[in-house]
Amino acid sequence: MIGSAQLSLRDTLLFGLLSVAVWQDIRSGKVSNRLIATGLILGFALQVREHRIWGIYYFLGNISIPVILLYLLFLMRVLGAGDIKLFSMTGGMLTIGELYRCMVYSFIAAGFGAALFLVCDRQRRRKMRHAIRYFRYAVRTLRPEPYKLPEKTVQMRFAFAVFILFGTFAALYFPVQV
């Protein structure tokens, strides 16, 4: 698919913005609000260009969906505000179906990435074993005691923007219709 067809203007802009977001997320752990704002402005322009006045409706709906659907994950500290803003920026340029596929593919890829991350990070594995031992002890003795983490350590960064880029690519070039 991608080899035979040229990338559209939308896809070129979107992949360019997402690539910069990945670089920023890996480098500093944050995606700049300027990049998000640039993507939102471009998404608005692209939607209006394609759908005229209805483009405003599609744009506003698509940027709202990630905020509404992912707010609980933000409250649980599973997902950062920057990740949700990046999903909104991406949704501003996509159709509703592409956005949903992008989100599903991103979370599936992030699940595999987290498993790989856990396998590669020795300190995290040690913390997981400690948590499992604590849970077994609490269940066996029925005495809840305060959970104490083993030593404080520096953790590797988990750049979710990588998975949003992957999810967007998969949603656009390997769509699965449900």
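**Notes on the predicted model**

1. Leaving aside residues up to four places away in sequence, Ile36 touches Val31, Lys85, Leu86 and Met89, where contact means heavy atoms within 4.5 Å. Ile36 and Met89 are 53 residues apart in sequence, yet their C-alpha atoms are 6.1 Å apart in space.

2. The model is predicted: local features need pLDDT of at least 70, side-chain atom pairs count only at pLDDT 80 or more, and totals for chains, interfaces and linings use all residues. Residues are numbered from 1 along each chain as its sequence is written, and side-chain values use heavy atoms, with hydrogens and water left out.

3. Ile36 is found in helix H2 (residues 33–51); helices are DSSP runs of H or I, at least four residues, numbered from the N terminus. Ile36 counts as buried because its relative accessible area is 5%, buried being under 20%, exposed over 50% and partly exposed in between (1.4 Å probe, protein chains only).

4. Leu60 lies in helix H3. This residue is classed as partly exposed because its relative accessible area is 46%.

5. How many residues line the largest pocket? The lining has 19 residues, of which Leu79, Gly80, Asp83, Phe158 and Phe160 lie nearest the centre of the pocket. A pocket is an open set of points on a 1 Å grid over the protein atoms alone, where a 1.4 Å probe fits, with protein on both sides within 12 Å along at least five of seven lines; lining residues have an atom within 4 Å of a point. Helix H4 (81–93) and helix H5 (96–120) each supply at least two lining residues, and H4 gives the largest share, 4 residues.
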